[in-house]
Amino acid sequence: VRLLGALSALIAGSAQACLPGPPADSARRVQSGDAAIEFRPDPAIVVGEPFTLDIRACDGLRLVRVDAEMPEHRHGMNYQPSIRPLGQSRFRAEGLLFHMPGRWQLTFEVKGGDGVPHRLTTDVTLE
Amino acid sequence: MRFLLALLLGAMLAGGCLAQSFEPAEVQRILQHGHWPPPWTPDPSNRASGNPAAVELGRRLFFDARLSGPGTLSCASCHLPEQAWTDGRPRSQGQELVDRNAPSLLDVRYRRWFGWDGAADSLWAQSIRPLLDAREMAGGAGHVAAVVRGDADLACRYRSVFGAVPDDDDAALVGAAKALAAFQETLVSGRTAFDEFRDALQRGGDTAYPEAARRGLRLFVGDAGCLLCHVGAGFTNNEFHDIGVPFFVAQGRVDPGRHGGIQRLQQSSFNLLGRHNDDPGQATATRTRHVALQHRNWGEFRVPSLRNVARTAPYMHNGSAKSLRDVLRHYSEVDEDRLHADGERLIRPLRLTDRQIDDLVAFLETLTSESVVPQGDPTPCTP
């Protein structure tokens, strides 16, 4: 089962959104208002296997939470990911595992210097 | 001529002779359940994994009743080779009648969590649990260590795998458990009629796969939604769900399932975060490090593999379903009021017809392989 990744970022339409630089290979961008991140799974997401996310945020944004749920099934993951800052607005989220095929909604919570949280969500569909 | 062809076609349809073909999306879902067997990789948390000397030591320990406190029960008392490595009882009989059904050990090497509640995160840690449990083998670390130290052949085999039997009873117990795990890793089931069909589909071909099994397979990957949890080559997502089986054990006593399992896992000195894990990078401990204890874990139990399921009755964590038909009737008529109001929305009554139940059973029976009974090496150990 491979990541098909149907992205449906919540784009607020702001022309002033920060960007975390040119997109890296196979990275996916999620944007909400003036906040944006890019993420790349490692390894590719497979049902029942742990994976990590390499995440790059806009300068000054701090990643504080990563989580995922299956809205149709009304459940989340069985695991609580940990976040490791790598410096230069890069982060590694470890311990994610999608245990069923179907639509998962990934949520990234970031905070800027003003401490205001931003939630960025995107869909990942596993066949 | 046209009349004859139409007559022939009508007769074939009436007799069900035309093989059901699958849509591309169905084929894609079917292919997810293979290839079987998966490639062999050793367990990094167990330095004895794949070591033939450890396998033989583990085989001998597995059938040795001296490991139990009273000397009356071995691992094989509840995991009988001739019964697909289970015991055929609803709930197993150790020193006492326990609360749960003995799961088959076939393909246990491919699990990620062990036991119905996943209280163990490795096969060797799971092998320790019944040895110590007072209701099961009631052995104790000191007892198991003494049996190994006191038997010249076992001690010789232990030395050849791990070095001298350590004075530390817990360490000696872990060595014995890792040998037991090395043996159980060899219990890999063989290929099945489903595997032949699945691989033929992958090649764009077909096999003489029974028509009822095809209809059951279509339901399995389609409307019945079985593959949401029974997915992958092992027909399990290796996780836990509440399927509405009552978890009351006796009046005033419940089996907490995964909720209790996570708590026991986190308290165990034998989990993969501890000193007995042989994996230096501890990548094997990722799940253990991140598993989350949640209220919905109450009443959740491990999703069993369906390989050889027709040989492992009775079913469910408490053995409450006597037959595969009983299991399917449970899913057909599941009591939604029993499920947590705040739980996941996965289970709904399937309202299966008798024919659909027959078809699903026909499919599940095609997941049966030949018996697996490894032969031991009778050669005595030479120091």
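A polar contact is taken here as a pair of N or O atoms within 3.5 Å, of which, within protein, one must be able to donate a hydrogen and the other to accept it. In this predicted model, such a contact is formed by Ser369(B), whose side chain reaches the backbone nitrogen of Gly190(B) at 3.3 Å. Ser369(B) is located in the segment that follows helix H13 (354-365) of chain B, and, because its relative accessibility is 8%, Ser369(B) counts as buried. When neighbours within four places in sequence are left aside, the residues in contact with Ser369(B) are Ser189(B), Gly190(B), Arg191(B) and Thr192(B), together with Asn308(B) and Arg311(B).

Elsewhere in chain B, helix H3 (residues 52-62) contains the buried residues Ala54(B), Glu56(B), Leu57(B), Gly58(B), Arg59(B), Leu61(B) and Phe62(B), and the buried residues of H3(B) pack against H5, H6 and helix H7 (169-184) of chain B. The N-terminal end of H3(B) is capped by Asn51(B), a side-chain oxygen of which lies 2.8 Å from the backbone nitrogen of Ala53(B).

Two of these partners of H3(B), helix H5 and helix H6, also pack against each other. The axes of H5 (residues 141-150) of chain B and H6 (residues 152-162) of chain B are 5 Å apart and meet at an angle of about 95°, and the two helices are therefore roughly perpendicular to each other. In this contact, Val147(B), Val148(B), Arg149(B) and Gly150(B) of H5(B) meet Ala152(B), Leu154(B), Ala155(B) and Tyr158(B) of H6(B); by class, the contact has six nonpolar residues, one polar residue and one charged residue.

How values were computed:
Residues numbered from 1 in each chain as written. Chains lettered and ligands numbered in written order. Predicted model: local features only at pLDDT ≥ 70, side-chain atom pairs only at ≥ 80, totals over all residues. Heavy atoms only, no water. Axes fitted to C-alpha atoms, helices over the stretch in contact; angles between N-to-C directions. Helix = DSSP H or I, 4+ residues; strand = E, 2+ residues; numbered from the N terminus. Parallel < 35°, antiparallel > 145°, perpendicular 65-115°, else oblique. Contact = heavy atoms within 4.5 Å. Nonpolar A, V, L, I, M, F, W, Y, C, P; charged D, E, K, R; others polar. Buried < 20%, exposed > 50% of the residue type's maximum accessible area, 1.4 Å probe, protein only.
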